[in-house]
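Let's take a walk through this model together, one group of side chains at a time. Have the viewer open and follow along.

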Amino acid sequence: MSTVTETPGPPAPSQAVAWHHEPAAAVLARLETGAERGLAAAEVAARLARYGPNAFAEAPRRSVVRMVVDQFSDFMVLVLIAAAVISGLIGEPEDTVAIVVIVVLNAALGLVQELRAERAMAALKRMTAPTARVRRDGSIGVVAAAVLVPGDIVLLETGNVVPADLRVLESAELAIAEAALTGESEPVVKTTAPLGGHAAQIGDRRNMAFKGTVVTRGRGEGVVVATGGATELGRIAGLLAGAQEVRTPLQKRLAVFGTRLAWAVLVICAVVFAAGMLRGEPAVLMFLTAVSLAVAAIPEALPAVVTIALALGAARMVRQHALIRRLPAVETLGSITYICTDKTGTLTENRMRVERSSVDGEPLAAGSTAVAQRASLYVMALCNDTVHDAAGHAIGDPTEIALLEGARALGADAVELAATLPRIGELPFDSERKRMVTLHADDDACIICVKGAPEVVLPLSPWRESAHGPVPFDAAAVLEEAEAMAADGLRVIALAWRRLPARPATLASIEEELVFLGLVGLMDPPRATAAQAVAECRAAGITPVMITGDHPATAVTIAARLGILADGGRAVVTGAELAAMSAQELGARVRDVRVYARVDPEQKIRIVEALQAAGEFAAMTGDGVNDAPALKRADIGVAMGRGGTDVAREAAHMVLLDDNFATIVQAVREGRRIFDNIRKFIKYTMTSNSGEIWTIFLAPFLGLPIPLLPIHILWINLVTDGLPGLALAAEPAEADVMRRPPRPPRESIFAHGMWQHMLWVGLLMGAVTLLTQAWAYHGGHAHWQTMTFTVLTLSQLGHVLAVRADRASLFALGLGSNRPLMGAILLTLALQGATIYVPWLNEVMKTEPLSASELGLCVALSTLVFWAVEGEKWLRRRRARSG
C-alpha cells in the first residue's frame with residue numbers, strides 16, 4: 001500500500017507574505033513559477049480551482065421583497081399605518097389615502113437607497129482590467145483578467161490597468177499612477193530590488209504593482225502574488241462591504257420624536273375619552289372624538305415635509321454643483337463638526353505646477369536676457385518627453401508636463417525650440433541615475449540638457465552659469481537650498497547644461513563638466529477657492545482635517561497655506577504613528593490633530609470612527625478608491641465628480657460636480673436651512689395640535705359642550721397642517737445661519753425653547769378658541785360651533801406666519817419672501833371660506849354661514865396668537881442685543 005503526499009503548492013493569497021521584502025528569485029521560487037516560461041496550462045487550471053477567479057466576492061443579495069418589507073419597520077411608519085387604518089374605520093377615506101401615499105413614497109425612497117452598496121461593488125468591478133498580457137508555457141498571450149492566478153507572469157506597458165497585485169520582476173522606466181489607491185499625485189517609478197523595513201506603507205512599496213492602478217510610462221513584467229479579494233484593492237472592497245452605514249441626525253431625532261409622541265397621544269386620547277364619559281357625553285361621539293384627536297395629534301405630513309424639504313434642497317444643490325445621492329445627506333451637513341478631507345484633487349488641483357525657482361539667485365522670469373534664465377527654460381522644454389494629443393492635451397509624466405507648461409508660460413515654446421534644436425540623442429531617466437539627459441544639434445555644435453535630483457546633478461556640475469559665463473560655485477549651499485525647498489513640500493528638480501563645439505562620437509562622457517543652471521520646485525497647488533472655503537468652515541464652527549497618503553512635508557505645507565493649522569492644532573500625525581496608537585490614545589488626541597499623512601484606508605476609517613466615538617459628526621471628502629470605505633462609514637461622504645473614481649462616487653452620500661471644496665460650504669448652509677425649516681414645521685404643527693387638544697380637553701371642565709366635531713378636527717389637521725406646513729420647506733435661510741456653531745449631534749429636536757413655545761402658544765390658541773365658544777354659546781348664537789371652528793383655523797394661519805423666523809419679525813422678512821407659503825395661506829383661507837358659505841359643504845362639514853360681524857370678530861380674535869408670538873420674538877431680539 002503506497003502513501004501519496006500532496007504537494008503544498010505556493011502560499012494562499014490570504015497568507016500575509018511581505019513580497020516586497022523578498023528578492024525576485026525568492027518570490028518566483030515561493031510561487032513555484034519561472035519568469036522565462038511562466039505557468040503551464042494544467043497548473044493554471046489547478047490554481048484557478050484552488051484560489052478562485054481574480055474577482056471580488058460579493059455578499060449574498062437580499063431579495064427586493066425583503067428590501068420592501070424592511071422599509072416598513074420604522075416605528076414612525078408603523079404609527080402612520082395605524083393612523084391610516086383608524087381613519088378608514090371612522091369613515092375618512094381621504095385621510096387614509098393621504099397617509100398611505102406618504103408611507104409608500106417614503107418606502108420607495110428607502111428602497112432606492114438600499115441598492116447603493118451593490119452599485120459600489122459594481123463600480124469596483126468596473127475598475128479592474130478586463131484583459132491581461134501573460135506569459136504561459138513560454139508564449140505571450142492575452143487572457144481575461146479574471147483567470148489570472150498567483151504565479152502568472154504579467155507584462156505591463158503604458159496605459160495598462162494593472163490586473164492583479166504584482167511583484168515587479170523587470171522595470172524599463174516603469175511608472176505607475178497610484179493616486180486612486182494611495183493619494184499620491186506623482187506616479188511611482190518601479191524598481192525590482194527587495195525593500196527594507198521602511199516600506200511598510202503601500203505608497204513606499206516601489207517593487208510592487210497593485211491591482212486597479214494605471215501604468216503611465218515605460219514597461220515591465222511582474223509575477224502575480226495576489227488576486228481578487230486578496231489584493232490591496234480587494235481588501236478595500238471588503239472594507240466597503242463591511243463598513244456600517246449610520247443613520248442621519250434627522251432620522252435619529254424623528255425616531256425618538258415618533259416614539260414619545262405615540263405614547264403621549266395614547267395618554268391624551270384616554271384622558272379625553274374618560275373626561276367626556278364622566279360628563280355624560282355619548283360614548284360613540286367621545287370615541288370618534290378621541291380617535292380623531294389621535295389622528296390629528298400625529299403629524300402625518302411630517303415625513304412628506306422632510307422629503308419635500310430635502311428634495312427642494314437637493315434641487316438647489318444641483319444648481320450649486322452638488323449632486324445629492326441620498327436626500328438626508330443635505331440635512332446631515334448641518335450637524336457636521338469635522339470635515340476630513342483628502343488633499344490630492346480635493347484641496348489641490350491634482351496637477352503639478354512650478355511653484356518656486358532659483359536661477360543665479362533669482363526666480364525664473366519671462367523675457368529675461370540672462371543666459372542662465374534662458375538656458376533653464378530651454379532645459380525645461382527640451383529635456384522633456386511630454387507629447388500632445390489631437391486635442392492639444394499634454395500626455396506624459398506630471399512632473400515633465402509641469403516643467404513644459406512652466407517654460408511655455410515664460411515664453412519658451414517646446415515645439416519651436418525642438419525645430420531649432422532637434423534632439424539627436426538621449427540618456428533616459430531611471431530610478432538609479434535619477435536624471436535625464438538629452439542632446440540637441442545647434443548647427444555643427446551640440447547642447448546637452450540635464451534635469452534630475454539635486455543630489456545627483458550637483459556633483460556632476462563644477463560650474464554655475466552666470467552673467468560672466470561659467471564660474472565655480474558652492475554646491476553645498478545650493479544643496480541646502482534644495483533641501484529647504486523640499487522641506488516646504490516641493491519636489492525639487494536641478495537643471496544643468498553644457499555646450500560642445502561638435503557632436504560627441506559617444507555618450508560616454510557627456511555628463512561630465514556640466515554647468516549648473518538652477519533649481520525648480522514643483523507642487524500640486526491648492527485650489528484657488530480652498531482657503532476661503534476653509535475659513536468659512538471655521539466661521540461656521542466646523543473643523544477641517546486633512547487626511548492623505550502623501551508625504552508629511554507636502555501635507556503640512558498645503559495645510560498651512562489653506563489655514564487648516566490656524567487654530568493651533570497638532571500639525572501632523574503619520575500613518576506609522578497612528579498605527580502605534582491604541583484606540584484610547586487616538587480618542588484622546590483625535591480632536592486636536594489637523595493633518596494625517598501617509599495613511600491607508602483602514603486608518604481613515606479609524607480616524608472617522610474615533611471622531612464619532614468622541615461625539616463628533618464627521619464628513620469625509622475624497623476622490624480615490626482609498627477613500628470609499630471612509631466615505632461610507634462617515635456621517636456623510638462627499639465624493640468628487642470630475643476627478644473622482646466611480647468607487648468613491650457610488651460609496652458617497654453627495655458628489656461635488658465641480659470637485660470644488662468650496663461647494664461643501666454651500667451644502668452646509670443648505671443643510672442648516674433645511675433643518676431649521678423642519679423644526680419650524682414641527683413647531684407649527686405640534687403647536688396647532690396642542691391648541692386642538694387643549695380646546696377639546698378643557699371645554700368640559702368649563703361647562704362647555706364638545707367644541708369641535710371629528711370632521712372639524714380632521715379638516716384642520718389636513719388643511720392647515722398640510723398646505724401651509726409643507727410650504728414652510730421653501731422658507732429662505734435666516735441671516736445668521738452660517739454664524740452659528742453646528743448643532744450638537746445629540747441635541748433634542750425640541751431644544752432652544754421649542755417645547756415651551758408649543759405649550760404656551762397651544763394654551764393661548766385653546767384659550768382664544770374657548771373664549772370664542774363661551775361668548776357665542778352663552779350668547780345664544782345657533783352657529784357657535786362654526787365660529788369656534790373658524791377661530792381655531794385662522795389662529796393657526798396667523799401662527800404659521802409668525803414662526804417663519806426664530807427672531808426676525810414677519811415685517812422685516814416681508815410677506816413676499818416666501819411666495820409658496822403665501823399661496824398656501826390664501827388657498828387655505830379660500831377653502832375655509834367655502835366650508836362656511838358653500839351650501840353643500842355646510843352639510844358635509846356641519847357648518848353654518850356667519851354674518852359679517854361674526855366673521856370680523858373671528859378674524860380679530862384669531863390675530864391674538866400672531867401678535868403674541870411676534871412679541872415673544874421681540875423679547876428674544878432685545879435680550880440678544882442686551883446680552
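**A guided look at the side chains**

At 10% relative accessibility, threonine 337 counts as buried, where buried means under 20% relative accessible area, exposed over 50% and partly exposed in between (1.4 Å probe, protein chains only). You will find threonine 337 in the loop between helix H12 (328–333) and strand E9 (338–341); helices (H or I, at least four residues) and strands (E, at least two) are DSSP runs numbered from the N terminus. Leaving aside residues up to four places away in sequence, threonine 337 touches Gly541, Ile542, Thr543, Glu616, Phe617 and Pro742, a contact being heavy atoms within 4.5 Å.

Before going further, please keep in mind that this is a predicted model, in which local features need pLDDT of at least 70 and side-chain atom pairs count only at pLDDT 80 or more, while totals for chains, interfaces and linings use all residues. Residues are numbered from 1 along each chain as its sequence is written, and side-chain values use heavy atoms, with hydrogens and water left out.

Now to the aromatic rings. A search of the whole structure finds five aromatic pairs; rings of Phe, Tyr and Trp (its six-membered ring) pair if their centres lie within 6.5 Å, and planes under 30 degrees apart count as stacked, over 60 as edge-to-face and the rest as tilted. One of these is stacked, because the rings of phenylalanine 473 and phenylalanine 516 have centres 5.5 Å apart and planes at 10°. Phenylalanine 473 lies in the loop between strand E16 (463–464) and helix H18 (475–487) and phenylalanine 516 in strand E18 (residues 515–523), so this pair ties together parts that are 43 residues apart in sequence. Both partners are buried: phenylalanine 473 has a relative accessible area of 18%, and phenylalanine 516 has 3%.

Phenylalanine 866 and tryptophan 867 form an edge-to-face pair, because their ring centres are 5.0 Å apart and their planes stand at 75°. Here phenylalanine 866 is buried at 9%, whereas tryptophan 867 is partly exposed at 49%. Together with Phe811, Phe866 and Trp867 make up one aromatic cluster.

Next come the charged pairs. Side chains of opposite charge can pair when their charged atoms come close. Counting a salt bridge as a side-chain nitrogen of Lys or Arg within 4 Å of a carboxyl oxygen of Asp or Glu, the total comes to 33 salt bridges. In one of them, lysine 451 meets glutamate 400 (2.8 Å, N to O). Lysine 451 lies in strand E15 (residues 445–452) and glutamate 400 in helix H15 (residues 398–409), so the pair ties together parts that are 51 residues apart in sequence. Lysine 451 is buried at 8%, and glutamate 400 is buried at 11%.

Another salt bridge joins glutamate 731 and arginine 804 (2.9 Å, N to O). Glutamate 731 is in the loop between helix H27 (710–727) and helix H28 (754–778), and arginine 804 in the loop between helix H29 (784–802) and helix H30 (810–813), so parts 73 residues apart in sequence are tied together. Glutamate 731 is buried at 3%, as is arginine 804 at 1%.

Within helix H33 (residues 852–882), glutamate 870 and lysine 873 are separated by about one helical turn because they are three residues apart. Glutamate 870 forms a salt bridge with lysine 873, the closest N and O atoms being 3.0 Å apart.
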